[in-house]
Amino acid sequence: MASENTSKTYRIAVVGGDGIGPEVIEQGLKVIDAAGVALETVDYALGGHRYLEDGTVLTDEILSEWRAFDAIYLGAVGTPAVPPGVIERGLLLKMRFELDLYVNLRPFKLEGSHDFVVIRENTEGTYAGEGGFMRKGTPHEIATQGSVNTRRGAERAIRYGFELATKRRNHLTLVHKTNVLTFSGDLWERAFNEVAAEYPGVTTAYNHVDAACIYFVQDPQRYDVVVTDNLFGDILTDLGGAVSGGIGLAASANLNPARTGPSMFEPVHGSAPDIAGQQKANPIAAIRSGAMMLDYLGEAEAASRITAACEACADMSGSTGEIGDAVADHL
Ligand code: IPM
Ligand code: MN
């Protein structure tokens, strides 16, 4: 049942993006409307298609416009006609870095009732862009791509993890690779242990990332909140999606927890150009990301109704629009 229980209208910058992005975002907006939350949306035509049109990726002007919005709702970006990295780095990563969206929150719900959350550090690591080529194109070519880890960056992600754990089941696992990455892993482990001392009520665990891959598949019940670096988190959260009903269900929030600007909400999946425009994409991940957006904006009741409706429709098959309608009908 839809209910008009909110008086506030939220201003949302919408980036449908490429491939299946616009189709799934359309369903997300439809469901939010059906839940009775009023949005004033402004569409931004950005992504690979826009880049091919006029070379625009993400201008500083657009970024500064976005700072005045309550949130950003994004479908997916990236298209095969544009070389890898142009849109991903120039749009998505620029947005994450410039708006300081340092927590990438990715919740997973397994068959039955177990759920866990991965906090992926979202502004550093191998994503930072450190590195370069030497002797490019020669037989002696060298490429390096360093991992940037600041104490402040690791600590704020870790601290978010402890805070979140206190609101859940009081358990936090650090995932890294301290046995090989003896510099960055050491920094993360020390930061983790020092912050842990401030949270005596939270029990902690540590897993190497390769072992965590086994546990994600064979024993995910051991997890409540997981905190990890950017690249490990990227990989682990695809696996998290795969073991919890498929990547078509996996939602995410890119948060600026200091709220010095808008946060961004997007499905974990990509633009899937092979099925774009065919109404074949599952919109549940985008709809759930919309619910995370409402939750973050203070609309917890509408958010939980949408999340529950998504769960009820998780196994449904149908077109993108049919699944969106089913979720809306279920509210
Ligand atoms: C994700 C995506 C992005 C990432 C890509 C599209 C740059 O895979 O949000 O997980 O690697 O962060
Ligand atoms: Mn990814």
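In this predicted model, I287 is buried, its relative accessible area being 2%. The residue belongs to helix α9. Once residues up to four places away in sequence are set aside, I287 touches Q27, G28, V31, Y73, I306, C310, G324 and V327. The separation between I287 and R67 was also computed: these two residues are 220 residues apart along the chain, and their C-alpha atoms are separated by 23 Å.

The loop between β12 (263-267) and α9 (284-297) holds A272. Phi of A272 is near 40 degrees, which is a positive value in a residue other than glycine. With a relative accessibility of 24%, A272 counts as partly exposed, because the partly exposed class lies between the limit for buried, under 20%, and the limit for exposed, over 50%. A positive phi was also found for R135, at about 55 degrees, and R135 is likewise not a glycine. R135 is placed in the loop between β6 and β7 (142-144).

Ligand 1 sits in the second largest pocket. The residues that surround ligand 1 are E88, L92, R96, R106, R120, Y127, D234 and E266. Helix α4 (residues 86-98) provides the largest share of this shell, with three residues. Polar side-chain atoms approach oxygen atoms of the ligand at several places. For Y127, an N or O atom of the side chain is 2.6 Å from an oxygen atom of ligand 1. For R120, the corresponding distance between a side-chain N or O atom and an oxygen atom of ligand 1 is 2.8 Å. For R106, a polar side-chain atom lies 2.9 Å from an oxygen atom of the ligand. On its own, ligand 1 has 320 Å² of accessible area, and the protein covers 77% of this area.

R120, one of the residues around ligand 1, is also among the residues touched by T228. T228 is part of strand β10 (residues 225-228). Its relative accessibility is 0%, so T228 counts as buried. Not counting residues up to four places away in sequence, T228 touches V118, I119, R120, E121, V175, W188 and G233.

N122 is located in the loop between β5 (115-121) and β6 (132-134). N122 is buried, with a relative accessible area of 0%. Leaving aside neighbours within four places in sequence, the residues in contact with N122 are R96, F97, L101, Y102, V103, N104, N230 and N254. With N254, the side chain of N122 makes a polar contact of 2.8 Å, side chain to side chain. R96, another of the contacts of N122, is also listed among the residues that surround ligand 1. G233, which T228 touches, lies 8.7 Å from N122, C-alpha to C-alpha, and the two residues are 111 residues apart in sequence.

R152 is in helix α5 (residues 151-166). The relative accessible area of R152 is 58%, and the residue is therefore exposed.

T56 is situated in the loop between α2 (48-54) and α3 (60-66). T56 is buried, with a relative accessible area of 13%; this value falls in the buried class because that class covers values under 20%. Two polar contacts were found for the side chain of T56. One joins the side chain of T56 to that of D54, at 2.9 Å. Another, of 3.5 Å, joins the side chain of T56 to that of R50.

Definitions and conventions: Residues numbered from 1 in each chain as written. Chains lettered and ligands numbered in written order. Predicted model: local features only at pLDDT ≥ 70, side-chain atom pairs only at ≥ 80, totals over all residues. Heavy atoms only, no water. Helix = DSSP H or I, 4+ residues; strand = E, 2+ residues; numbered from the N terminus. Buried < 20%, exposed > 50% of the residue type's maximum accessible area, 1.4 Å probe, protein only. Polar contact = N/O pair within 3.5 Å; in protein donor to acceptor, adjacent residues only side chain to side chain. Near = heavy atom within 4 Å. Areas by Shrake-Rupley, 256 points an atom, 1.4 Å probe, with all protein chains shown as cover. 1 Å grid on protein atoms, 1.4 Å probe; cavity = no way out; pocket = protein on both sides within 12 Å on 5 of 7 lines; lining within 4 Å. Sits in = over half its atoms within 2 Å of the grid points. Contact = heavy atoms within 4.5 Å.
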